[in-house]
Amino acid sequence: MATIAVVGTGYVGLAAGACLAELGHRVSCSDVDGDKVRLLRAGKVDIIEPGLGELVRSGLANGRLRFLTTPTVTDADFVFLCVPTPMAADGGADLSAVTSVMRQIGDQLPPGCVVVNKSTVPVGTATMLSESLNGRVPVVSNPEFLREGSAVHDFLHPDRIVVGSDDLTAARRVAELYAALPAPVLVTSTASAELIKYAANSFLAVKLSYANAIAELCERLGADVADVVKGVGQDHRIGESFLRAGPGWGGSCLPKDTSALLRTASAAGQHFSLLEAAIATNVRQHSRVVAKIRGALGGELRGARICLLGLAFKAGTNDMRDSPALAVAATLAAEGAELTGYDPVVTADVPGLRVVDDPYEAVKDAGVIVLLTEWPEFRGLEWTAIRALAAGDVVVDARNHLDPTVVTAAGMRWWGIGCSRGV
Ligand code: UGA
């Protein structure tokens, strides 16, 4: 059993802390947000993550997990850095949280301790951190691949554990923390480990943009993207996951990580045109959704009433960061449309958009209804009631989530993505 200090209690830090405690380690998690720490001490988790609340409460009850407002590292065998690295103004990664934590704890790190970086950081950061510590303690890169909405499951059932270090003993010690998990461990240099994280997220983004570009081609050629990606994905070399066409990829990771990798490549003298095209295809996808909405309204957005169903960047989370719904809403609002939105978990106000707490309220008098997040409950909506409440009769289903036969049986028209209906 190791003593671990986790700095940062976002999705990654909190899931890592709670799961490491579950694996038997003694974990203290710290966060600068005092309100969050107070909630966590009371066993309350303010993000939607199945199983996380239970793990936090059991860790508090068995004494293996505690929450602090300042990192306590003097007795730590390992210090996990799990702080945000948002997109900086120049498109790269903003490392200020990482460097500020290191300034705060650097002098207190005990000999024999290992700094484990889980934050997504550009290649060279581990080396930079190690230099800032004058090599006193090893710095290991241990990227995290969990998804929001399935953080606990993904942490406890990883496809692989990547440990990057120039110090083999430190790498082995970090790998040992996960010994109970049946996953292959890949030991690499710190540079390779840091790049693996960006390369993985960017690959997912490229795959998604490829599917969205094929969806556009399906519309032009009269094919159906659902069938096309199924037939493509059944080739085991390609795989069926991450091929669902949609309104574009979003969230707190893929947009910032693709942008940061593009900058890293450029700084290294490489024009990464494939990745650049994937990003441009994503922006184009937002515009394609707007074009469908415009088409459903007969060409005029000004003064039109539009209902957006789903605001989160994907189902299963209340995270709105870089949600495609925000990009679509911003364009519609800028063109003078009146927007009403409903999301099962997002209730906060969105600029240019009135958020209501009932889907039937949201569709009232709407000239067009647009589905942007694949929440399961949208499949159970009463479309006959919606037909009576709405002013228009088109549903733009930007996730191909609804059953078109159900929607059309209620007298509405269903327009999907990547199929001949709604081109
Ligand atoms: C992503 C990666 O999947 C994780 O492996 C990684 O650890 C994480 O970023 C991170 O860097 O922390 P996440 O941001 O939670 O996870 O979201 P994803 O599930 O990857 O979805 C990203 C976007 O792609 C969403 O907007 C989603 O709706 C979209 N998507 C996903 C599709 O449009 N179609 C698909 O088939 C799959």
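I started at Thr120, which sits in the loop between strand E5 (114–117) and helix H5 (125–132). Helices (H or I, at least four residues) and strands (E, at least two) are DSSP runs, numbered from the N terminus.

I noted the ground rules next. Residues count from 1 along each chain as its sequence is written. The model is predicted: local features need pLDDT of at least 70, side-chain atom pairs count only at pLDDT 80 or more, and totals for chains, interfaces and linings use all residues.

I checked confidence. Mean pLDDT (the predictor's confidence in each residue, from 0 to 100) is 97 for the chain, and 100% of its residues reach 70 or more. ipTM is 0.97 and pTM 0.96.

Back to Thr120: buried or exposed? Thr120 has 21 C-beta neighbours inside 10 Å, so it counts as buried. The cut-offs are 20 or more other C-beta atoms within 10 Å for buried, 12 or fewer for exposed, and partly exposed in between, with C-beta atoms placed from the backbone. Leaving out residues up to four places away in sequence, Thr120 touches Thr85, Pro143, Lys197 and Asp257. Contact means C-beta atoms, placed from the backbone, within 7 Å.

I then looked up Lys36, in helix H2 (residues 34–41). Lys36 has 19 such neighbours inside 10 Å, so it is partly exposed.

Last, the ligand. I found 20 residues around the ligand, the closest being Glu148, Arg244, Gly246, Gly251 and Cys253; near means a C-beta atom, placed from the backbone, within 6 Å. Helix H8 (residues 190–221) gives the largest share, three residues.

Terms used: Two residues are in contact if their C-beta atoms, placed from the backbone, lie within 7 Å.
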